[in-house]
Structures are given as structure tokens and as C-alpha cells.
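We will go from stop to stop, with something to select at each one.

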Amino acid sequence: MLNVVGHRPLGLRDAAAVADVLASDPVPMCMVAARCEVHGLNPRLLGGALWTADHPSTSLCFSGANLIPLLGSRSDLTYFADRALSRPRACSSVVGPADLVAPLWEDLVTEWGPAREVRPDQPLMALDGPPAAAPDPAVRLVTEDDLDAYLPAAIDMFIGEVGVDPRAGDGGVSYRRRLLSLIAANRVFARFEDGQVVFKAEVGSMSSKVGQIQGVWVDPARRGAGLGSAGTAAVAQAIVAGGRTASLYVNNFNAPARAAYLRIGFVQVGTFATVLID
């Protein structure tokens, strides 16, 4: 249920305050804004719940497959942690602005820890104009007919990034469904050579203002040849051409990827953190 203190459901009278918060900093808010713009505040359609400790204008957190703190004081984060710990855990990660994720995890770790991995420093980057690096003209939208050829690269990326096999549990049915929904929305890009994917990326979240690039992957045998830079530039160009800011976040320790994104013209606009939970 979508609640605030006293269990008052968030409703139409809260929509403007929520929208104002999500519009106040569009890049870090993109993952939640994308959902709310499509589904409003309906928790069944949102795939989770929005929480506030007092009022959406001062504290806000999304609780779903990811726990995403968006706004709040230290005491608000303790409230969110108490809310999360009062029910069975539904999320597999805590992700968002590092200055919110770190104290929130501090309150959660006793019950939910130890984390499988903590990534405390993930530069959040954005590009508002044409990429500085030449986009790869061979990168194109993936179609439903491409799915079987695309899937091995997507699975390899997911395992490498998240550390779990997306086919676990249901044999990959849910993961295929997720990819098909992104393909139908024209948000999956790849470069194919001889029927094989050598570069891929997805626009994992798309709000009215921002497209967040996720799942960037290059065939291990082709890394270091510039496919990542040129391919990501092509995806960023498509997002910017649609009137949006292109964004992504990257692990601070991934120096080659960070250098590639800087060459494309991305600039750091914040810092995310991610806690992966078993």
C-alpha cells in the first residue's frame, strides 16, 4: 500500500508535490520519475510503493524491486529503514544518491546484511547535447526477431554486473519479458557482426526529461577497440535527439568505462551508491 505516516494513502492531492520533487533534479530522480509519469501514484502499476516520513516535498523513498531513497533528512532515512524492516524484504538492492544510500544502509545492515557487495562511489553522469565522440553508425535498435541473438550478451552483462544469473528461478522467462518490453519501447541498442552482438546497451529508464543508459557491454574479445565509446555515443545521440538528457552511472573503479564516457562528453553531476543484497 502507498502510505505516509498514519497510513494515509498518497493520492491525487499528493501528485503535484511528488511531481515537483521528481522534477527538481531530473537525472538522479529518473528511475522513479519514469514510473510515476506513466502510472501515476497507483502502487499496483508502479511496481512498488512511495513512502514519505511527513510530506513528499521533504522526504521521499521508492520501495520495490529496488529501495531508492530520493529525499530526506537523517531521521527520515531512519523512518524509511524502519518501514522496510517492518515487512518481508522485497528488494534486491538499495540504490540512489550516495549521501542517502549510505546512512539508509547503516540502519538496515543489522537485519539485511551483510551485503553481497557495496559500491559506494558510482559517478552519475549526464550529457545534454550531441556526443563529442563519433557515434557508431552500425549500432541500431534491436527488434523482437533479434532477441535470441541478443540474449547471450544480455545474460553475460547481467551476470558480470549484478553477480547473479537472470535466468535463475524461472528459467529466464521474466528476463525475456523485460527485454521484450524494452525492445517494444525502442530502448534496446546493439551492434551485430555475423549475427553476433559485439556491443549492446539499453535505456533502462526513460522519463520525459532523461534517458538512463544501462547494461553497456562489449564482447570481451573486442574490448579496447573503441566499440564501447562509439556505441554508447550512438545510444546517447538517440536519447538527446529525442529532447532528453542522456545519463548513466558507473563504478568509480571502472577506469576504462569512465574515461570512455568522458570522451563522449558526459560530465559528472552527482554520485550514486549501490548495495547488492542476497
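## First stop: two helices

Select α6 and α7: they pack at an angle of about 115 degrees, with their axes 11 Å apart. (Axes are lines fitted to C-alpha atoms, for helices over the stretch in contact, and angles run from 0 to 180 degrees between N-to-C directions; helices, H or I with at least four residues, and strands, E with at least two, are DSSP runs numbered from the N terminus.) This is a predicted model, in which local features need pLDDT of at least 70 and side-chain atom pairs count only at pLDDT 80 or more, while totals for chains, interfaces and linings use all residues. Residues are numbered from 1 along each chain as its sequence is written, and side-chain values use heavy atoms, with hydrogens and water left out.

α6 and α7 are therefore roughly perpendicular to each other, a label for angles of 65 to 115 degrees (under 35 is roughly parallel, over 145 roughly antiparallel and the rest oblique). Their crossing is right-handed, meaning that the near helix is turned clockwise from the far one, whereas in a left-handed crossing it is turned anticlockwise by less than a right angle.

Now show the side chains where the two helices meet. From α6, pick residues including Leu151, Ala154, Ile155 and Phe158; from α7, Leu179, Leu180 and Ile183 are among them. Contact here means heavy atoms within 4.5 Å.

Stay here and select arginine 176 and aspartate 148, which form a salt bridge with the closest N and O atoms 3.3 Å apart. (A salt bridge is a side-chain nitrogen of Lys or Arg within 4 Å of a carboxyl oxygen of Asp or Glu.) The pair links α7 (residues 173-184) to α6 (residues 147-162), 28 residues apart. Arginine 176 is partly exposed at 31% relative accessibility, and aspartate 148 is exposed at 58%. (Buried means under 20% relative accessible area, exposed over 50% and partly exposed in between, with a 1.4 Å probe and protein chains only.)

How many salt bridges does the rule give? The count comes to 12.

Select arginine 74 and glutamate 106, whose side chains meet at 3.3 Å, N to O, in one of these bridges. Arginine 74 lies in α4 (residues 74-85) and glutamate 106 in α5 (residues 98-112), so the bridge ties together parts that are 32 residues apart in sequence.

Next, go to arginine 191, whose salt bridge with aspartate 136 has its closest N and O atoms 2.8 Å apart. Arginine 191 sits in strand β7 (residues 188-193), and aspartate 136 in the loop between β5 (117-127) and β6 (140-141). Is aspartate 136 buried or exposed? At 8% relative accessibility, aspartate 136 is buried.

## Last stop: two strands

Select threonine 274 in strand β11 (residues 267-276), a buried residue at 7% relative accessibility. Its side chain makes a polar contact of 2.6 Å with the side chain of glutamine 122. (A polar contact is a pair of N or O atoms within 3.5 Å; within protein, one must be able to donate a hydrogen and the other to accept it, and residues adjacent in sequence count only if both atoms are side-chain atoms.)

Finish at alanine 246 in strand β10 (residues 245-249), buried with a relative accessible area of 0%. Leaving aside neighbours within four places in sequence, its contacts include Met125, Leu127, Ile239 and Phe266.
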